[in-house]
Structures are given as structure tokens and as C-alpha cells.
Amino acid sequence: MRREAQAVVIGGGVIGCSILYHLTKLGWSDVVLLERDELTSGSTWHAAANIHGLHDSTNISRIQHYTMTLYKELEVETGQSCGVFQPGSLYLAQTEEREHQLKLQAAKAKLYGMNFYEISLEEAKRLNPLVNYDGIRCVMYEPDGGNVDPSGVTNAYAVGARQRGAEIHRFTPVTATEQQTDGSWLVKTPKGDIRTPWVVNAAGLWGREVAALAGVELPLQPTEHQYFVTETMADVAGHGTRLPSVSDRDGEYYLRQEGQGLLVGAYEKDMKFWAEEGTPLDFAHDLFPDDLERIEDNMMNAIKRLPAVGEAGIKRVINGPMIWSPDANVLMGPVPELEGYFCCNGIIPGFSQSGGMGLMAAQWIIEGETQYDMFAWDMARFDTWATKEFTKARVQDQYAHRFAIRFPNEERSAGRPARARPIYALQAEMGAVFGLNAGWEHPLWFATAPGAKDTNGFTRQNWWEPVAAECRMLRSRAGIIDISNFAKYRCAGPDAETWLNAVFANTMPKAVGRSCLTPLISKRGGIAGDFTVTRVAEDAFWIIGSGMAERYHKRFFKAVPLPEGTTFQPRTEAICGFNVAGPKSREMLQRLTNTSLATEDFPFMRSAMIDLAGVEVLALRVSFTGDLGWELHCKSEDQQRLYAALLAAGEEFGAGPVGSRALMSLRVEKGYGSWSREYSPEYWPQEVGLGRLCKLQKEFLNKAAAEDVLKKPAREQLVLLHLDEAETAASNADATGGEPIFKDGKGIGRVTSGAYGYSVGMSLALGFVRDAGPGDEVEVMVLGRPHRAVILDRPPFDPDGAILRG
């Protein structure tokens, strides 16, 4: 066994072997995989191993498509069969909402050249005559859908990795992972120790235990999961060709051919946790006792849709463990607080994602960044607030609603509240309907009726009119928006300016009280973040960024060493904030302070520490609404007092609380981008209008990458679109994000954010397009159907910024 390696992968399931294979494929041959038992132990060996390409997330669809294509290439490369069966998959819609979802996915498939399209009921009957199609609204067909052999795929990855120089050691448990003073790791086993700069935790069911060896606590929880295989069925055996699988998610089961029978699996409401206090170390190729009563309702749904299932005997039942994250997505990426420790844990659809997941992991480790924006999979989306109690509650909800549609803007209540501000109870009394942002409860909108909750769907929901009222109130008078969930930092010391200039692309403000907007550049030259930086003293700065990306951004801040005597402190928990905006905001706030807020005394992009109703606040003359306004930041212990003063002052002007749904509408009216939607590592500065903020005359993090991409023409451009009012009204729907954009029948881009612009009376969308510009007519696939739209040359609200700067 090697004593040194470029990376050590812990875990010999399909994901660990895929990561090992892809590390070698990208050029690293000095890599080792350690497996405590036999390859495929844990969850891999008993997986149903279905494969499909489409996902609600575009980038996950790309990864799944790559994975499906890879399996046959692996067979050719390694000579190891992956047991690939691709008779196709039928996706059934019983409800209008499922039809919307499937048609939107078909539109995305067309945009990205994937094979997924609608077929007639007659064609579906020909492909799979066992299905009762009564009540089915539409059927989508994915010709490449099917299943693979779990052991075959895992061993193909292993063979491919060994052929490129990797070592695999079975029956070699890891007993310790110890970080050395030089940042490298010592991975200890009974067969000897290995020193490596990269530890990769792909330990599956033991991901928690392996992480704990390095002092990391992962929000993971295993559950039981069952499927059964029928005995030989005459209808299956006599069909002549392999039957396409059936995805009847409204029926809450999955089904495919297995031998001459059928495999039926379910995610039941009466789910069952397993190994809550830790996965047993002696568990390997084990199963749990059968418990089919728990999935009886799901089985009856399958029998109703395929009556032949009810007449078949059961050949065997598989009841085995799976391990889940709180949102059912993988926890992937370098641990921000450690050097050289990579996680890839909590994978559910492993055989649809294994290839793409391995590729993304290898890119991240070797090249420093993935080619796609994978924040949806980044482990940094969770932090210490994701406790065991939160994780269990969310996993229970995710499991029981595995096949439920994830609607735009949907918020799940399980496990909440995880974190709340001092005014949370008051906001609830005022009718706030809350969402979750980085663990924080924050108001989405304010209802007039007590106990109101979101409804969910692809069309306009119950919050559409209340949000309209909030937007119109702010645009005509003023509104008070809780922005406490923004990430906040303080950098201070003699070299604070020098350090911030070395981190951010823009030049830091020279004068006290001045602010600047600045991008943070990613490894490949994209937008890793957008920040507002304010100089609050000669040697101190205040930095505001995306709250959901706070842990993610730690990796970038750590990449530039802090000079001695200079500090950089997160202040998100200690500081709360409000944005007061609208034409009456100045007059309203002036009632609470002796500091002049007149434009000549307090111009746009300026700041000052002021006394506001007896509370010391940092006031910034900025507003994400695009309207006249101020951001006001105070200590958390002063939040209740400041909020009460703002609400009282607002009464005179007809102003009141405004939620984040209204803020979404208001910023889209202004054409403002948002991180993780319009700003992402995938997008270059010049593509999102931030190129001018990259000051190439100075050195900053990833400057060479920024220089490289800025020399190139934009691949696509961020634009604002106006959707046809009659068509969106008829659909009762607006774009929400992810909808493809077509021009003359050709796919040219996709929506990143969408909202109705209540104050301008327009259905709007931000998105990226190529080969199109202002004035061009295009089609946006709202609900998966074409809706006419025109690309605007200017935002409809305050296009010249006169109100914002007034």
C-alpha cells in the first residue's frame, strides 16, 4: 500500500469508485481508495439502480445526462459490463400540476438537446400495454431511461481507475484522519498510514462517522427503504421486448422490469429512521426484515395503474438503508473550515448521478472549481444550525414527499424554526408568512388574515395579490423590509484596505462613508459573489453579501492570508438590518433622526453612523428595490426597538412591512441581478454587467482568470424580458426561473428570475440569451408552453436612476 498519495478516497461504493475513476481520468494516477469491507457494501449493492436524465435543476439534468452516456463508454473502456438496460421510461401525469412540470422538463430537454418528449396515449399503450392509462393527462417518453447493474457499474469504475494507476484496498477500515501542521492529512488504517493533501469522504452510510474523525459533523440521517420484485409474469415474459419503466410520481411508486417480472418501489408516508445514533461498523451486505405493510398504500396505487401486479406473486423484498441530507441532495465539496477535506455524502439517486458527481468532485479537487454551478449540492448550504433535530425532521419530510412536485417558491415547514431574530414573534403576529434562508426565518409576505400559509403551484398563488399591495405601497409611499438574513462582515486593522483589495475585484473606497459594489471572482473567472463594501473608518470596512452563501464564501476569504493585526469577522448573527425604501422613505426616516438625510448631505452610495429613534445604526444610502432608500444595520439586541420605531413612523405615511417576495418583484423591475440566480461562477463578469467593476490595474483573487475571460466576447448576455400580458394572464402564471427561451424555434437561453412587476404592470423575467438583443421578440416557455416576450433595452422602473439617486 502506498504511503503517500495525491488523494485518498474513503468508501468503495459507486460514488467513491466514480470519484476515484474521474480523478484518474483528469490526470491524477497517484490516488488510493480505502474500503472497510467489500466494494458495494452499504447501500450500493441493493440499489434499484434506475437511471434517468431529467431533473428540475438544469445543471443536475446535465450531470445525469452525462452519467447515462458514460456507462456504455465505461463498458468499452474497461471491458466490464455495467448491465445497462435502456428500454426507455414513461412519465405519467395524473394532475394539471404534474403536466406543467413534465412539459417544462420537455422544453428544457429541447433546449439542451436531451431526449425527452411527449407521446400520445396510443403510443404509450404500444410501448407498455400493462399500464392502465385512464385519467392520465399526458405521457412523456425518455428513450434512454432504464436501469443498470449496481455491482457492474461500481466495478467498472474500479477497473477504469486501476487501469490508470489507482490503488484500491478492500477490508481496510480508516481508523483516523489527522491533519498535519503543513495542512496535509495522515489517514490511518490497520495496514499502515497514508499521507495525502486530500481526504475524500465518500463513505456512504458511514459518512457521519468518517467525518467525525476529522471533527466534522454532517447533517445526515439514514432511513429504511423497500422495493419488491415479482415472480415471472406471463404478460412481461410474453411481451417480446423489454418494457419501459413507469414513473408515476402522482401514484408515489416507481416500477420497472426485472428479469421476467416487475420491480416496484415506494417512498411511503410511514417512513422509518435507522441508525439514529450512528451506523453500526459491522453492517455490510445486510438487509432489514420485510415490512410491506408500510408501503401498502403505494402498492395499491401501483396495482390500480398496472393490474397485473396484483395478480403476481412476490419473489423477494429488499428492505435496506439509505442515507439522506436535509434536502435530499448530496453534501458535496471541500469543508470550508478545513484544508484538503472533501465530502460527497448523502446521495439518493446514485446511479443517475454517479458519473457526473464523480466528474464534479474531480474537477473541484484538481482544478479548484466545477464547470457547472453546483451550489444546490454544495455542503456549505448547511451550517451548524442544521442540527440533528432539524435534519431528522427534514429527512422525514423529504422521504415522505420524495415524489411530490417541488414548486417554484415552495417553502417546507419541517424542522423550523431553526434560527430566528428578536422580532420573529412580532412579525408572526403581524401576519408574516416565513421562508427559510440559511437557517433564518425571514418574512416572505404579510397576510391580512391570521394563520395564512402559502399555497403552492406553477400558477399565481394566494400571495400574488398581497405581494402586489406591498409593492405598490413601497413604490407609492414607503416600505420596511427585514434584510437581517444578509451576510455581514467587519474587516479592521492597518492593512484592511490592502487585504480587501487583494480579495475583491473592485477598488475599495478611499474615503470614510463611501461604498462600492464589487464582484468576487471564481477560479474560472466567473462571479463567485457580489458584495457592497463600505469604509466606516480609516482602518475599518463593512461588507454585505449573500446570506445563503456565507459559508460558501469562507473558502474565498481563506484563500488570501490576513495580514498580521488585521481582522475579518462575520457579524451576521450579531447585527440585524432593515431596508426602508420608497418616495416617502426620506421624510419618514427624518422624523427619527437629527442627521440630515437630504441628497446634498447624504447622497447615494454614502454611509454614516446615525442615531435613529435612540438606536445607533449604520445607515447606507443603497436599496435593492431600486428606489430611494436606506439600509439600516443595528445590534441584534436593538432590533425590536428599531422596528417598533420604524413601524410607528410609517403609520403617518401609509408605510408598513414588506416581505422578500415583493423585494424579488421590485429588483426585477429594476433589472438587478441576484447571487445564485444571475450571479454565479458559471457567468463571466461582462455577461452580467459587472465587467467594469473588475479593476485589472490591481492584483486580486483569481485576477488571471478574470483577465482571461474578459478578453473574450460574451458567450451570452443577461437581459430583461417583458412577457406578453394577455398570454400570462390567460395562463395565470409568470416566469419563475429555469424556463427555456426560444427564438424562431431555436433555443437561445433560459430564465434565471421571474416576477410580475406590480408597479409597472408588466410580467418580467431576467435571463441569459445568445444571438438576440433589445427589441427582439422571443418565446419564454412558461408552464412548458410558449409565451411571447420582447427583450427590453432599459428597465421599466427608473431606467436612468433619477429616483434612486434623488
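Over the face of which residue does Arg421 lie, and at what distance from the ring centre? Please go on from there to the other rings.

Reply: Arg421 lies over the face of Trp440, and the distance to the ring centre is 3.8 Å. Bear in mind that this is a predicted model.

A pair of aromatic rings is described by two things, the distance of the centres and the angle of the planes. The structure holds 38 aromatic pairs. One of them is formed by Trp198 and Phe342, with 6.4 Å from centre to centre and 70° between the planes. This pair is edge-to-face, because planes over 60 degrees apart are counted that way. The two partners come from distant parts of the chain, 144 residues apart. Trp198 is in the loop between strand E11 (192-196) and strand E12 (199-201), while Phe342 belongs to strand E19 (residues 341-345). Trp198 has a relative accessible area of 17%, so Trp198 is buried. Phe342 is also buried, as its relative accessible area is 0%.

Phe382 and Trp385 give another kind of pair. Their ring centres are 5.8 Å apart and their planes meet at 55°, so this pair is tilted. Phe382 and Trp385 are both buried. Some rings form a group: Tyr489, Trp499, Phe504, Phe531, Phe557 and Phe568 make up one aromatic cluster.

Arg621 is found in the loop between strand E30 (615-620) and strand E31 (629-635). Arg621 is buried but has no salt bridge. The nearest side chain of opposite charge is that of Glu600, 8.5 Å away. The side chain of Arg621 does reach the backbone oxygen of Leu804, at 3.0 Å.

Last, a helix for comparison. Helix H1 (residues 14-25) has 12 residues and spans 16 Å from its first C-alpha to its last, close to the expected 16 Å. Of its 12 residues, 11 are buried, including Tyr21 and His22. Just after H1, Gly27 takes a positive phi of about 115°.

Technical notes
Residues numbered from 1 in each chain as written. Predicted model: local features only at pLDDT ≥ 70, side-chain atom pairs only at ≥ 80, totals over all residues. Heavy atoms only, no water. Helix = DSSP H or I, 4+ residues; strand = E, 2+ residues; numbered from the N terminus. Buried < 20%, exposed > 50% of the residue type's maximum accessible area, 1.4 Å probe, protein only. Lys, Arg positive; Asp, Glu negative; His and termini not counted. Salt bridge = Lys/Arg side-chain N within 4 Å of Asp/Glu carboxyl O. Polar contact = N/O pair within 3.5 Å; in protein donor to acceptor, adjacent residues only side chain to side chain. Expected span 1.5 Å × (residues − 1). Phe/Tyr/Trp six-rings, centres within 6.5 Å; stacked < 30°, edge-to-face > 60°. Lys NZ or Arg CZ within 6 Å of the ring centre and 35° of its normal.
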